[in-house]
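Here is a short report on one structure.

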Amino acid sequence: MKPIYIDYLNALDIEALDMTDAEIIGAVEAGLVAQGNGQTVIEPRVHLEPDPSFNGHFNVLRGYVAPLDAAGVKIVGDYVDNYLHGLPSEFGILNLFDPRTGTPRAILDATVITDMRTGAVTAIGAKHLAKKTSKVLGHIGARGTAYWNVRLLNHLFDFDEIRVHSRRPESRDGFAAKLSADLGKKVTAVADWRACVEGADIVVEASRLPEPQPLLKTEWIKPGALVMPYGTMSAVELSLTDIMAKIVVDDWGQCKGGKFGSLRAHVETGRLSEQTLHAELGQIAAGRRPGRQSDDETILFWHRGLSLSDIALGKAMLAKAQAQGIGQRLRFA
C-alpha cells in the first residue's frame, strides 16, 4: 500500500487563511445549492451527553456533498459554562474523507468553522428571505456564532442600526464593542429582549437558555420582518409561527426530530409540519422554490446546522491553504 497522508489545519492555520466574508458565504452557499439539487446526503445529527452535571453535550454531524467529492464528520462540544473556565463554549473537529474508499483526507479545527458557517447560513437565509431594504438588525446572543451572524449579515445589508443583547452585561457590552471596532460602525448593546427585537427588519435569536422559556414575544415582530431563531432551547412563543407567511428550514430531516431546537414545541404540536413548511433553504438557493416574494411577507427561517456547510467551508479552506502553503501534512499509514 502506498503511503497515505492527511492535511491538517489547526486553529492558527485557519486564522492565517484570513477568509474573506465573500469567500465564506460563497463556499457555504455552494453547499446549499448542492443540497437543493439533490446532490448531498445529510444524516440527522446525533448527540452525546456524557453527564448532565457537566452542562454540555457533543453534536455529531455527518454528510456527503457530491459536487465537492467529499464526505465528512464533524464533532462539536457545546458546553454552556465554559466561560467560567476561560474557554469558548464550543470546540470542534472536522474530518474529511474520500467518499469512494473511506480514506481519510483531512483534519481541521472546526471551532471557527462552526461559527463561520453558522453565520453564513444566517446571512444566506437573509439574502433570500429578508427585505432588500432591511436596515435594522436585532441580535439576541453573544456566543461564538453570534459574531459571524452579525458580521456576515452586515456584509450583505450594511445596516443603519445594529442592536445586540445577551444575558450578562459584560458579555453584551464586549460583544458590541468588538463589532463596532471590526465593522466600523456603531453597534448598540441593549438591556432587554424587547428593546433589541421590536421594530427590527431582521431578528436573530441565538440565545443560550438552560431550558425553554418564551422570552421573545410574537407581538414585538415587525410586519414584513425576517425572524431567525436557532437557539438549542426554545426562546419563542408558540404563536410565532401563526404570523408567518412562510416558514423555511435548513433541513427538514433534522428539524423534525430530536429533543433540541428553537421550534421543537412547534413540531410536536403540529404547527410546523411538512404541510406548513414552505421550503428548505437549499431549494431556494438552487432556484427550485421561491424565497421572499413581497415586502409584506413576515418570514421565519430556522436552521439547526448542516454537516454539508462544514464540509463545503472546510474544502474551501483546504484549497486556499494549499495555494498559500499553510498547514501540515501528517503521515496516516
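The sections below describe a cavity and a set of salt bridges.

## Basis

This is a predicted model, in which local features need pLDDT of at least 70, side-chain atom pairs count only at pLDDT 80 or more, and totals for chains, interfaces and linings use all residues. Residues are numbered from 1 along each chain as its sequence is written, and side-chain values use heavy atoms, with hydrogens and water left out.

## The cavity

The structure holds one cavity of 30 Å³ or more. A cavity here is a set of points, on a 1 Å grid over the protein atoms alone, where a 1.4 Å probe fits but cannot get out. Its volume is the space filled by probe spheres set on the points, which are joined across faces, edges and corners. That space comes to about 290 Å³ in the largest cavity.

The lining of the largest cavity has 24 residues, each with an atom within 4 Å of a point. Nearest the centre lie Arg45, Asn59, Glu90, Thr232 and Arg304. Strands β2 (40–48), β3 (56–65) and β4 (70–79) and helix α3 (111–129) each supply at least two lining residues. Helices (H or I, at least four residues) and strands (E, at least two) are DSSP runs, numbered from the N terminus. By type, the lining divides into five nonpolar, twelve polar and seven charged residues. Charged means Asp, Glu, Lys and Arg; nonpolar means Ala, Val, Leu, Ile, Met, Phe, Trp, Tyr, Cys and Pro; the others, Gly among them, are polar.

## Salt bridges

The whole structure has 19 salt bridges (a side-chain nitrogen of Lys or Arg within 4 Å of a carboxyl oxygen of Asp or Glu). One of them pairs Asp310 with Lys74, with the closest N and O atoms 2.9 Å apart. This pair links distant parts of the chain: Asp310 sits in helix α10 (residues 307–324) and Lys74 in strand β4, 236 residues apart. Asp310 is buried, at 0% relative accessible area (buried is under 20%, exposed over 50%, partly exposed in between, with a 1.4 Å probe and protein chains only). Lys74 is buried too, at 2%.

Glu297 and Lys246 form another salt bridge, their closest N and O atoms 2.3 Å apart. Glu297 is in the loop between α9 (281–285) and β14 (299–302), and Lys246 is in strand β12 (residues 246–249), 51 residues away. Both residues are buried.

## A network

Salt bridges also link Asp69, Asp98, Arg100 and Arg105 in a network.

Definitions and conventions: 1 Å grid on protein atoms, 1.4 Å probe; cavity = no way out; pocket = protein on both sides within 12 Å on 5 of 7 lines; lining within 4 Å.
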